[in-house]
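Please read them with the structure open.

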Amino acid sequence: MDPLETLTNEHGLIRQYLDNLTLAAGHIEDGRRPPGAFFKNAVEFSRTFADRFHHFKEEHILFVRLAQKRQGEIDAQLEALRHQHERGRELVTGIANAVEGYTADDPNATVALLEHIGAYTSLLRHHIHTEDHVFFPMARSTLDAAEMRELETEYLKIQAKHGGNTFERSHKLVVDMGSALTHMR
Ligand SMILES: [Fe+2]
Ligand SMILES: [Fe+2]
């Protein structure tokens with residue numbers, strides 16, 4: 001598959017996940033209590049699929065190739081996207097650190113959980129929008145057909161290294177998270 005289309009499809013799954021996370025935060029705002037396990041799964045999805053799989057393919061493969069080809073012209077743009085990945089990691093740590101206290105009904109931890117979820121979902125939706133509508137179209141016009149094929153080959157190798165079915169496993173996790181919320185209504 002076209003490697004930029006692969007990344008866009010992964011954005012679709014990440015967006016579906018962010019919608020679940022926003023829904024869960026809404027439940028807390030309304031005085032309901034999604035189980036702590038829901039947020040543990042959220043941290044797991046963010047760290048594995050969104051970060052170690054998807055962001056890795058962007059930062060360590062795509063960004064590097066584009067930087068080489070454009071020779072400094074897009075460094076500021078790449079730096080901004082890298083910074084957003086990094087900030088996302090910090091916010092996920094904030095979510096992870098709040099889960100235990102939330103589960104024990106600590107009001108400060110509950111507020112910390114809501115704050116980090118709000119900042120994380122907002123940041124990542126904005127980031128994905130920029131990549132889909134500005135950054136990937138630029139990448140597409142920068143890389144020629146042979147470079148796109150090389151990118152695809154590298155992505156297939158990473159996919160194989162992660163066991164080959166990362167997308168399917170992660171999709172199942174997101175669907176399970178969604179149904180955990182449905183069942184608590
Ligand atoms: Fe990204
Ligand atoms: Fe992305």
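Which helices do the buried residues of H6 pack against?

1. They pack against helix H1 (3–29) and helix H2 (36–70). Please bear in mind throughout that this is a predicted model.

2. The buried residues of H6 are Thr 166, Ser 170, Leu 173, Val 174, Met 177, Gly 178 and Leu 181. Seen down the axis of H6, they fall within an arc of 135°, so they line one face of the helix. Glu 168 and Lys 172 are exposed, on the face of H6 turned away from its buried side.

3. The length of H6 agrees with expectation: its 17 residues (166–182) should span 24 Å at 1.5 Å a residue, and the end C-alpha atoms are 24 Å apart.

4. Glu 58 in helix H2 and Glu 131 in helix H4 (residues 107–142) are 73 residues apart, a pair that links distant parts of the chain. Glu 58 counts as buried, at 0% relative accessibility, and Glu 131 counts as buried at 0% too.

5. Lys 57, in helix H2, is buried with a relative accessible area of 0%. Leaving aside residues up to four places away in sequence, Lys 57 touches Thr 6, Leu 7, Glu 10, Leu 62, Tyr 155 and Ile 158.

Technical notes
Residues numbered from 1 in each chain as written. Chains lettered and ligands numbered in written order. Predicted model: local features only at pLDDT ≥ 70, side-chain atom pairs only at ≥ 80, totals over all residues. Heavy atoms only, no water. Helix = DSSP H or I, 4+ residues; strand = E, 2+ residues; numbered from the N terminus. Expected span 1.5 Å × (residues − 1). Buried < 20%, exposed > 50% of the residue type's maximum accessible area, 1.4 Å probe, protein only. Arc of directions from axis to C-beta. Contact = heavy atoms within 4.5 Å.
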